[in-house]
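Here is a short briefing on helix packing and a ligand shell. Look over the sequence and the fold before reading on.

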Amino acid sequence: MARLQLEGLSKRYNEFYAARDIHLDVAEGEMLVLLGPSGCGKTTTLRMIAGFVEPSEGVIRIGGEDVTWHPPWKRSTGLVFQNYALFPHLTVARNLAFGLEMRRVEKSEIDRRVHDALAMVRLDHLADRLPRQLSGGQQQRVALARALVVRPDVLLLDEPLSNLDAKLREEVRIEIRALQQRLGITTVMVTHDQEEALSMADRLVVMKEGEVRQIGSQQELYERPVDRFVASFVGRSSFLRGRLADGILRTEGGLEVRCSDGPNGPAAVAIRPERVTVAREAPSAENVFPGEVEHVSYLGGSIDVRVRLSPKDVVVAQMPNVEGGWLPQAGDRVHAGWSASAKAFADTETE
Ligand code: ATP
């Protein structure tokens, strides 16, 4: 268990920065999740920490020690890959023992550690199986045990759940998080799945095009996104676009929307669906507009209602599914209302 620090870490391929000037400080026992779209540099960053990719600039410290130029086997990291990367011809137990044999750990100690690590992921009864005789979830747990058996100071998880089906993913997600917390192991996980990120992280890092856009808790990223990209990537938003002047956005469709933040000029206001009220009569709110229901999605626990407010403006409301409550239909004339706390951002991006 150790603190992990990245100081100005970059990876350049010719003129292209796969990762640029990354500063991260991961506390002992913390689970930090790198979140971002494909190609944003998450894996590159993780592989630099593991020692598989050489940084172009910057410093990596584990437990205060500069390990930037240590080879992978000389830094105390355990890496779990998306595709498990188990040795197919070795049994589960031998897969785990391999790294310890490389490190010349004594045989009896190897047996004990392998047994302990398999017990940790509840697979001690499958020690003699080959990987192909295991389910995907079991293989992923073996991969996790293999990373933990060398007792790394830092655990690195590269999209560890992406090959599992939805139900199994949730199970393994809870298991990994519980184990990580029980062992108190400093962990960095990479994912592009925001639900996975939100449910597992102590803190999240949102990346785009090789750069860190924002670091913070789930609540910070959701309530106070620094830019339009983060607002669109963490949670859902409807964006109304127009020109902002003194807290009022005039949309291209002619609405005047009260909002918070945002510099004067071209701007987009992010409206969270669960904060929009849709009703037949105008609700009391700082922003209320008449509109027409365009589409209704019945999701079980909630109902998404897409309301057209003008030829250019659409907002989505997430209504709670109240027993016996009113269910809007496409074509209904309604009102949509929300507060002035919806955040506006400079409209410089195309997402
Ligand atoms: P994904 O979720 O798709 O794995 P990612 O966020 O992990 O994406 P990286 O794999 O870190 O992204 O890649 C970041 C960028 O660096 C991509 O544009 C990728 O094409 C580029 N890149 C990665 N490795 C190399 C390489 N060896 N040579 C050139 N470019 C590379």
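How do α2 and α3 lie to each other? They are oblique, a word for angles that are not under 35 degrees (roughly parallel), over 145 (roughly antiparallel) or 65 to 115 (roughly perpendicular). This is a predicted model, where local features need pLDDT of at least 70 and side-chain atom pairs count only at pLDDT 80 or more, while totals for chains, interfaces and linings use all residues. Residues are numbered from 1 along each chain as its sequence is written.

**Helices α2 and α3**
- The axes of α2 (residues 92-102) and α3 (residues 107-120) come within 10 Å and cross at roughly 130°.
- Axes are lines fitted to C-alpha atoms, for helices over the stretch in contact, with angles from 0 to 180 degrees between N-to-C directions.
- Helices are DSSP runs (H or I, at least four residues), numbered from the N terminus.
- A93, L96, A97, L100 and E101 of α2 meet I110, R113, V114, A117 and L118 of α3; contact means C-beta atoms, placed from the backbone, within 7 Å.

**Helices α4 and α5**
- The axes of α4 (residues 136-148) and α5 (residues 166-183) come within 10 Å and cross at roughly 20°.
- α4 and α5 are therefore roughly parallel to each other.
- G136, G137, Q140 and L144 of α4 touch L168, V172 and I176 of α5.

**The ligand shell**
- Y13, A18, G36, S38, G39, C40, G41, K42, T43, T44 and H192 surround the ligand, each with its C-beta atom, placed from the backbone, within 6 Å of the ligand.
- Helix α1 (residues 42-50) gives the most to this shell, with 3 residues.

Conventions. Helices (H or I, at least four residues) and strands (E, at least two) are DSSP runs, numbered from the N terminus. Two residues are in contact if their C-beta atoms, placed from the backbone, lie within 7 Å.
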